[in-house]
Structure formats: C-alpha cells, structure tokens
Amino acid sequence: MTPQDQLSTTFAALADPTRRAILAKLALGETAVTELAKPFDMSLPAISKHLKVLEHAGLISRGREAQWRPCKLEAGPLKTADDWLEYYRQFWEERFDRLEGYLRVLQAKEKRNGRKNRK
Amino acid sequence: MAERTGNEALLGQPFVITRAFNAPRDLVWKAWTEAKHLQHWWGPKGSKIEVLKFDFRTGGMFHYAMRYSTGAVMWGRFTFVDIAPPERLVFLNGFADETGEVARAPFPGAIPLQMENTVTFSEQAGKTTITLHSLPVNATDEERLFFEGMFASMTGGYGGTFDQLDGYLEIMLAA
C-alpha cells in the first residue's frame, strides 16, 4: 500500500463511531472479543465485522488463540493520521506567527508615514 | 457558501484554528488579499515568496514559488472560491508545480492534494480575530468524516491543543 492508500484505509476504519469506541476501549489494554462486545448493543458477528476492518487497517492485532483471541491496539496507523493533522496545525501556527510579525511592521510603517505627512 | 452547521453538529468539528491579531480588520484583510503583502508573510519560515501569478477574483489563482537560501524551491497555489470583503475569504490551497498545476507535496507522507480554507475576519475594539476552517478537497467520504469527527470522538493527542484553544476563547470572551 502507498502511504496515501494506507491513510485512506485508516480513515475509513476510523470513520465509524463504533470502531472508534472499540479503539478507545483497547487503549486501556488488551481485551477479549466477548468483553469488547459487551457495551455495544450488537451481536458478536457484527462486532467481529468491525474488528476485521480495524485489523485490515492495521489499527489492531489479534492473538492466535482460537477461543479467546485478545485484541490489541496498534499505534502505527493512528500516529500517521495524527501526523497529518499535526502538519496542518504547525502549518497554520507558523503562518499566523509570520502574519502577526508582518502586521506589526506594517502598522509601524503607517505610523511613521503618518508623522511624516503631518510635518 | 452555505454554512455547514448541520453536519458539524452531527459529526463534531472540522479542523479549526483561531488567532487574534492586534490590528484593525481592514489591514488584516489587505495582508491576506494583496500580493505585495502576502509575499512578506505567506510561506514557510525561512523561505521567500516569489509571486508568479496573482489573479484576485472568484476562480482566480495565486501561484507562487517558495525559495530557500539553500537553493531549494517549492511551488504552491491558491484558487479563490469566495471573496466577501472584509469578512470572509474562501480559497483552495495546495502544492503546485512550476507551471501552476496542482501537485503532490514535495516531501514524504500523505497529505491531501488541496485543502479548502474558509477564513473569517471579525473585529472587536480594534483587534481582529481570524477563524480558519479547513477541509480536504475531493477527499473520500471517509477522509471527510474522519476530519470532521476525529476531534469529537477520539481521546488522542489533541486534548492539549484544544484545551489551549478553549482557554484562549475563554480569555477572548472575557476580554
């Protein structure tokens, strides 16, 4: 997968509120599927479907043990999505810093010119 | 452009950033909309903007080069979508090539080709507050949903920044 494809897959997986809730729960630690299903008004197969999407996106990994198959949060793809937003935050903070400085210069110039004109 | 309040209420907030400037709105508006001003502050720190094209009208383009003292150069562009002086400016922004065509970011990592930025300018007691809403252009539904819903739902790394913003807004409201 290209980085762009990877990001799309991550976003698609994160676009669903149930899946975000699952990830929030897994952030607290490894959890069994049956345990994960409890807070949701959903069948086990429905939850399994969501888990498959998350697993495909690389957001979670699942243990091999057939019965208990604990789910674990994988931070990698989330980090990538996080980087994307962080990029824009830094982008705009920096632009605004520069604009702030420039406005100060502009206003100082206007003041100087104003004084000159009055003379 | 129609306000997207309905969707925002359902999905949370889009990418939003706010900053107050100690300058009257007319001056801030000029700084955003005139090439002779933009070239002094637009572009990454350490780069110099060279204005290649500046056509300030709906559908018009601003094409520029960002030159570094190391000799490195990148190109970027705006497409003006909506101009409502001195209150609102909507424009698409992204990287470009030398000829002004939309191009991928010249660095690794995946960011959208273009973002649609809605900038609103409001003045109170001689200070201007800029609020910027930003969304990916031509993104998939999933990307948009992610962008709009992420902040409301995840407990990830943004808490700090938004706390700061909240605190900031409180100060602004109190002022």
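**Close-up views of a predicted two-chain model**

**View 1. The open sheet of chain B.** In this predicted model, seven strands of chain B form an open sheet in the order β1-β7-β6-β5-β4-β3-β2, with antiparallel pairing. The edges are taken by β1 (15–21) and β2 (47–54) of chain B, each of which pairs on one side only, and from one strand to the next the twist averages 25°. Strands of a sheet pair through backbone hydrogen bonds, in either a parallel or an antiparallel manner. Read along the sequence, the elements of chain B follow the pattern α-β-α-α-β-β-β-β-β-β-α-α, which comes to five helices and seven strands.

**View 2. The β2–β3 pair of chain B and the loop between these strands.** Strand β2(B) is joined by seven bridges to strand β3 (residues 61–68) of chain B, and the two run antiparallel. Within this pairing, Ile49(B) has Met66(B) of β3(B) as its bridge partner. The loop between β2 and β3 of chain B contains Arg57(B). Is Arg57(B) buried or exposed? Arg57(B) is exposed, because 8 other C-beta atoms lie within 10 Å, where a residue counts as exposed at 12 or fewer. Although Arg57(B) and Asp82(B) are 25 residues apart along the chain, their C-alpha atoms are separated by 8.2 Å.

**View 3. Helix α2 of chain B across the sheet.** Helix α2 (residues 25–33) of chain B lies across β1, β5 (88–96), β6 (114–124) and β7 (127–136) of chain B, and runs at about 160° to β6(B). Over chain B as a whole, buried residues make up 26% of the 175 residues. Among the contacts in chain B between residues at least 6 apart in sequence, 40% join residues at least 24 apart.

**View 4. The buried face of helix α2 in chain A.** In helix α2 (residues 17–26) of chain A, the residues Arg19(A), Arg20(A), Ile22(A), Leu23(A) and Leu26(A) are buried. Seen down the axis of α2(A), these buried residues fall within an arc of 155°, and therefore they line one face of the helix.

**View 5. The largest nonpolar core, and another core apart from it.** The largest nonpolar core holds 16 residues, of which Ala13(A), Ile22(A), Leu26(A), Leu54(A), Leu59(A), Ile60(A) and Cys71(A) touch the most other members. At least two residues of this core are supplied by each of α1 (3–14), α2, α3 (33–37) and α4 (44–56) of chain A. Apart from this core lies another, of 12 residues, among them Phe21(B), Trp29(B), Leu38(B) and Trp42(B). Leaving aside residues up to four places away in sequence, Ile60(A) touches Leu26(A), Leu51(A), Leu54(A), Glu55(A), Cys71(A), Lys72(A), Leu73(A) and Glu74(A).

View 6. Chain B averages a pLDDT of 76, and 67% of the residues score at least 70. Among the elements of chain B, strand β4 (residues 73–84) has the highest mean pLDDT, at 96, whereas helix α1 (residues 5–11) has the lowest, at 28. Over residues 1–13 of chain B the pLDDT stays under 50, and the model has 16 contacts beyond four places in sequence for this stretch; over residues 150–175 of chain B the pLDDT also stays under 50, with 18 such contacts in the model. For the complex, the predictor gives an ipTM of 0.72 and a pTM of 0.65.

Technical notes: Residues numbered from 1 in each chain as written. Chains lettered and ligands numbered in written order. Predicted model: local features only at pLDDT ≥ 70, side-chain atom pairs only at ≥ 80, totals over all residues. pLDDT = per-residue confidence, 0-100. Helix = DSSP H or I, 4+ residues; strand = E, 2+ residues; numbered from the N terminus. Contact = placed C-beta atoms within 7 Å. Buried ≥ 20, exposed ≤ 12 C-beta atoms within 10 Å, placed from the backbone. Arc of directions from axis to C-beta. Core = buried A, V, L, I, M, F, W, Y, C linked by C-beta atoms within 7 Å. Pairing = 2+ DSSP bridges. Axes fitted to C-alpha atoms, helices over the stretch in contact; angles between N-to-C directions.
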